[in-house]
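The following exercises are to be worked through with the sequence and the coordinates at hand.

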Amino acid sequence: MSHNMAPADMETGAGSSKPVDDDGRPRRTGTAWTASAHIITTVLGSGVLSLAWGVAQLGWVAGPGVMTLFAAVIYYTSALLADCYRTGNPVSSPRNRTYMAAVRATLGGSMVKLCGAVQFINLVRFGIGITIAASVSMMAIKEAGCFHRKGHKANCRSSSKSLYIAIYGIMEIFLSQIPGLESVWWLSMLATVMSCTYSIIGISLCVAQSVANGGIQGGLTGVAVGINAAGKSVTVMDKVWRSLQAFGNMAFAYAFSIVLLEIQDTLKAGPPSEAKVMKKATAVSVAVTTVIYLLCECVGYAAFGNTAPDNILTGFGFYEPFWLLDLANAAVAVHLVGTYQVITQPIFAYVELRAAAAWPDNAFVGTMHVRLWPSGVHVAVCPLQLIGRTVYVCLTTGVAMAMPFFGSVVGLIGAVSFWPLTVYFPVSMYIVRRQVPRGRTRWLLLQALSAVCLLVSVAAAAGSIADVVAEFRRR
């Protein structure tokens, strides 16, 4: 999809000498590797930083087990969803370029509106959570330098993240003018490298901490009820709420179904079919991220035990070497710049295409050529793209300033979006497409999977809401 074309050309690609695909749009060039980069960019980052805390709530048995279970569920349901990209023949049938289009072609009716509402509400929530996470990492760079100069007991904690959230927002305003998701591949590649960088640093620091401790910390069931190692009381309800929030954090760690079909729409036409390529990309991405997740959560818990912070790089379980912490947090911030674009480009595309279809002759929606003074250079500008995207970034930035609770927000986002977009819709569309008879063994197993995941989402959302309320009360 190219947003530099005039409105009349956005649907067909007419008037352009560039090669087009079977739907009349500029030829897609994506591969399994670019799709994998988009997925890794989406899922790694803010989620991986809280996994050690999650294992601390669940323990050595349940923590890694839940993470592995989520990995299996996300791969299976993602494969079901990838098959929905084309209706009918997997190579030549009409494309469903978005999640909503797939639901419209398969389920129809009120399900389309429900899917659209859930998807776009959660895309906005993801954007807010990513902004908060990036500001935390940016602020940690300043704090690490302060602790290094003044000592580990110095009062170096910043009272407000607003300045760092604003800086991040300004960067995203400029990057939001990238035309579309297919043009973000280079940013996703950079973000993938950054994610590997800070993950390796975090794992290495945790291993070094375990060696310094003289052994592995933690227990089979995680944080125990009573007085913990920090001298704070942990009640039964504290244990329950935090365990539920940990489920939400782990669910968020694999939350890329929300943009899976949009990523799949960047792949070049087959054979092999886009579905086969996307399944390969999903397998590679889930395998890579699962290995990184298990390493981060296990070595983090081994290093800190039940006192693991909700962010292993910014919770200051480590103070030295401060320059290595700075490098890791800078890599996190750069990575999250790419994540924000992958998450928000589907929103921009939806709004701009709908506006072009509704008002094809409106100058605000179309492309105009503007002369830059004093150079005399002419550039193509779409007022809707320039103004609309800027306003959207400003709105998510403003909300992030008012709600800077990293761990709680991450858990809530993961819990709310996990079941409907990752499990319910893919399973429901599979049943309709394959005409699975009601009451048969396969139908019962699919419904059982959906029901269990719904319970997990509700429980995790309850835990995260309780934590958000507690954060507000403490302020």
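**Exercise 1.** Is histidine 38 buried or exposed? Determine also where histidine 38 lies and what it is in contact with.

Solution. The model is a predicted one.
- Step 1: Locate the residue. Histidine 38 belongs to helix 1.
- Step 2: Compare its accessibility with the cut-off. Buried means under 20% relative accessible area. Histidine 38 has a relative accessible area of 1% and is therefore buried.
- Step 3: List the surroundings. With neighbours within four places in sequence set aside, histidine 38 contacts Leu181, Val184, Trp185, Ser188, Ile263, Thr266 and Val342.

**Exercise 2.** Describe how helix 1 packs with helix 6.

Solution. Two packed helices are described by the angle between their axes and by the distance between the axes.
- Step 1: State both values. Helix 1 (residues 32-43) and helix 6 (residues 185-213) meet at an angle of about 60°, and their axes are 8 Å apart.
- Step 2: Classify the angle. Because of this angle, helix 1 is oblique to helix 6.
- Step 3: The crossing of helix 1 past helix 6 is left-handed.
- Step 4: Identify the residues. Helix 1 contributes Trp33, Thr34, Ala37, His38, Ile40 and Thr41 to the contact, while helix 6 contributes Trp185, Ser188, Met189, Ala191, Thr192 and Ser195.
- Step 5: Sort them by class. The contact of helix 1 with helix 6 has 6 nonpolar and 6 polar residues, and no charged ones.

**Exercise 3.** Carry out the corresponding analysis for helix 3 and helix 4.

Solution. 
- Step 1: State the geometry. Helix 3 (residues 99-106) packs with helix 4 (residues 110-150) at an angle of about 165°, and the axes are 9 Å apart.
- Step 2: Apply the cut-off. Angles over 145 degrees count as roughly antiparallel, and helix 3 and helix 4 are therefore roughly antiparallel to each other.
- Step 3: Helix 3 and helix 4 cross in a right-handed manner.
- Step 4: Identify the residues. Tyr99, Met100, Val103 and Arg104 come from helix 3, whereas helix 4 supplies Met111, Val112, Cys115, Gly116, Gln119 and Phe120.
- Step 5: Sort them by class. The contact of helix 3 with helix 4 comprises 7 nonpolar residues, 2 polar and 1 charged.

**Exercise 4.** Characterise methionine 111, a residue of helix 4.

Solution. 
- Step 1: Methionine 111 has a relative accessible area of 21% and is partly exposed.
- Step 2: Find what it touches. Not counting residues up to four places away in sequence, methionine 111 touches Val103, Tyr424 and Phe425.
- Step 3: Take a C-alpha distance. Methionine 100 is 11 residues from methionine 111 along the chain, and their C-alpha atoms are separated by 8.9 Å.

**Exercise 5.** What is the phi of glutamine 435, and where is the place of this residue?

Solution. 
- Step 1: Recall the background. Most residues other than glycine have a negative phi.
- Step 2: Read the angle. Glutamine 435 is not a glycine, although its phi is positive, at about 55°.
- Step 3: Locate the residue. Glutamine 435 is in the loop between helix 12 (406-434) and helix 13 (441-474).
- Step 4: Glutamine 435 counts as exposed, at 66% relative accessibility.

**Exercise 6.** Summarise the protein as a whole.

Solution. 
- Step 1: Count the elements. The protein has 13 helices and 4 strands.
- Step 2: Consider burial. Of the 475 residues, 53% are buried.

Methods
Residues numbered from 1 in each chain as written. Predicted model: local features only at pLDDT ≥ 70, side-chain atom pairs only at ≥ 80, totals over all residues. Heavy atoms only, no water. Axes fitted to C-alpha atoms, helices over the stretch in contact; angles between N-to-C directions. Helix = DSSP H or I, 4+ residues; strand = E, 2+ residues; numbered from the N terminus. Parallel < 35°, antiparallel > 145°, perpendicular 65-115°, else oblique. Left-handed = near helix turned anticlockwise from the far one by under 90°. Contact = heavy atoms within 4.5 Å. Nonpolar A, V, L, I, M, F, W, Y, C, P; charged D, E, K, R; others polar. Buried < 20%, exposed > 50% of the residue type's maximum accessible area, 1.4 Å probe, protein only.
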